[in-house]
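I opened this model to look up two things.

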Amino acid sequence: MNSPGLTARAKTLITGDSEMAYRIRAHNWAETPLGPLEEWSETLLATVNLMLHSPFPTILSWGPEMVFLYNDAAISTLTVKHPSALGGLYRNVFHEAWDLVSGDLEACLYRGETAVRDNMFIPILFNGVLEDHYWSYSLIPVYEGGVIAGVYDAFRNTTAIVTGARRLRESEAKLKLATEVAKLGVFVWNTVEDRTSWENDLMYEIFGRKREDGPVNGAMFLNEVLHPEYREAFQRAMESTLQKGEAFDFEGIICLPDKTLRWIEVKGQLQTEGPVEQILGTVRDITQFKRDEERLRENSKHLGELAAIVESSEDVIISKDLNGIITSWNEAATRLFGYSAEEIVGSSILRLIPEHLHSDEKIIIESIRAGRRIEHFETIRLTKDGRSLDVSLTVSPVKDEQGKVIGASKILRDISGRRRIEQSLLQAEKIAATGRMAATIAHEINNPLEAVVNLLYLLRPMITDPVGINYLGSAEDELGRVSHIAKQTLGYYREHASASRVSLAEIVQHAITIYEPRCTAADIEIRKSLDSSRRVVLRRGEIMQVISNLIANSIYAMPSGGVLSISVEDAANGILLTIEDNGIGIAAENLPRVFEAFFTTRSTIGTGIGLFVAKQFVEGHGGRIGIESRNGAEDHGTTVRVFLPISTAYDQSGK
């Protein structure tokens, strides 16, 4: 690699035929802080020649600027930085690593501190890509005239060593972890010498021994530890391994020093090296597994019995997964909905739900995913022939062995009959209330009708015109018919039972008994306090109608459940009935109108006469009724108070 441009002196100053010797001789050093090669000091030249002849990758940083020189062994480290790195500044050549190594370099150059680093993490740009590497290096100060002039850096890339050692440690850790996770005891058994080595603590734990007790050899295991019933099986397994070279595989029961019985599983392989035969194997405690197997057999038996119960149940019992796909369907479901199990299992539960109620299923699934049980959820479902059924649902989450929710079990009851009865009762209430209103109106009409009839009677002698007499007769006939209708109406709806002295608390208790099942189904808690024993004269049927209307209103106000409080207590000169709920409440603008006839906020189910009739009956007894309500987001509910005097209107009249 000689070049005609090199001076004879340069050839003698930098010795050797290496690539870097040639490049250093040929480099234009005059443009660097080191100056022309011919002007270099003896110390610098000697150090450079020492570096060039070193078999180890070496870098020489010279001067306060740390001008960069290196030998052939360092070229592979520089990759694309070579050969432009020669004569550059260290901080520029290895700019990506400068923050990591500058401390050691500057400490060596300025304070003469040597540095020896092993396996230091220093990322380096290799072919334009920043790679993670590990390095071992030693920094030695180079003195000239008693002053540090440079840093001699011999280094080695130890990435392969570090990563190899790390992989070895990781492999050992994984092996250890695998045995720990699998709860495997590891042993080596020299079958010729009957000498056993237990390789981990789990072996001692499985056999109930301490380390100072030492391991158990083959003879002791067979004669003292292994349950007698399994000794023959163990010997057969040993013969298959030692004579045929088959894998050792054995399950049996051992007896621990404390007399505890434990199931174990032993697996191993025969290894032969010359005269030495040994089995390398593992031992696993399978006691719990065996117990689980037995429990599974028992559970299978119970599941069969449960399946028979489900199949014979009169209630519809359905199961579904968290996607709403039906997974089981009993005979009662077939009878109610008309679908056979073959037709419906695997279908979406939405097949049974009216389209406008599909959003309910999303709410149910979300509750089930959260592990919440849904009870007495009343809704509508569709049969195969398109009929709508009123049903009550109880839905429970189904969990796997780890407690994770995997589906839902649904018990469904047809409440269409109950709903029809409720509708009939409601209709009866409406009819009765309407009749009483008609009776009230008829009563008010009857008196003026009688007056008009009397006036016409007095007018008759005064009419002589035949035409007028005919008109008068027609008027009398029509008024008579109207009076007859009014009297019929008045007589038909009037309560014929006479007033009697009764306990208001007993009437309230009777009403609670009637409505209690309905409240339970609607998740409404009834709280009662019937502390009055006073008896007053009243019409039992009318007061029962008042109480029924008020309780029914509270139930409708709590569609998602709540608390219904009913109390009867003695008050000054009377009895106070209080019915309170924490339902949706009544808007303030509607409160003044609640006792008006036919005013209702329940357009689909209300007649608007319940409170009107209640007010008429209460005031008819000489009492009074009042209502308070709140419909805020946090504060909501309605309270109705009915006061009946000790001496009611019926008591005073003697009727």
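**Entry 1: backbone.** I note at the start that this is a predicted model. I began with M66, which sits in the loop between strand 1 (58-62) and strand 2 (67-70). Its phi is near 60 degrees, a positive value in a residue other than glycine. I kept in mind that most residues other than glycine have a negative phi. Is M66 buried or exposed? I found M66 buried, with a relative accessible area of 4%. The cut-off for buried is under 20%, so M66 qualifies.

Next I looked up H376. This residue lies in strand 15 (residues 374-382). Phi of H376 is positive too, near 50 degrees, and H376 is not a glycine. I read a relative accessible area of 37% for H376, which makes it partly exposed. That value falls between the limits of 20% and 50%, so neither buried nor exposed applies.

Then I checked peptide bonds. Most peptide bonds are trans. Which residues does a cis peptide bond join here? I found one between H82 and P83, with omega about 5 degrees. P83 belongs to the loop between helix 4 (75-78) and helix 5 (90-93).

**Entry 2: helix 2 and helix 3.** Two packed helices are described by the angle between their axes and the distance between the axes. I looked up both values for helix 2 (residues 19-26) and helix 3 (residues 42-52). The angle is about 150 degrees, and the axes are 9 Å apart.

**Entry 3: helix 18 and helix 19.** I turned to helix 18 (residues 540-556). Helix 18 packs with helix 19 at about 145 degrees, and their axes are 9 Å apart. This crossing is left-handed. From helix 18, I noted E542, Q545, V546, N549, L550 and N553. They meet G610, L611, A614, F617 and V618 in helix 19. The contact divides into 6 nonpolar, 4 polar and 1 charged residues.

I stayed with helix 19 (residues 610-620) for its burial. Its buried residues are L611, F612, V613, A614, F617 and V618. After helix 19 comes G622, with a positive phi near 85 degrees.

Note on methods
Residues numbered from 1 in each chain as written. Predicted model: local features only at pLDDT ≥ 70, side-chain atom pairs only at ≥ 80, totals over all residues. Heavy atoms only, no water. Buried < 20%, exposed > 50% of the residue type's maximum accessible area, 1.4 Å probe, protein only. Helix = DSSP H or I, 4+ residues; strand = E, 2+ residues; numbered from the N terminus. Axes fitted to C-alpha atoms, helices over the stretch in contact; angles between N-to-C directions. Left-handed = near helix turned anticlockwise from the far one by under 90°. Contact = heavy atoms within 4.5 Å. Nonpolar A, V, L, I, M, F, W, Y, C, P; charged D, E, K, R; others polar.
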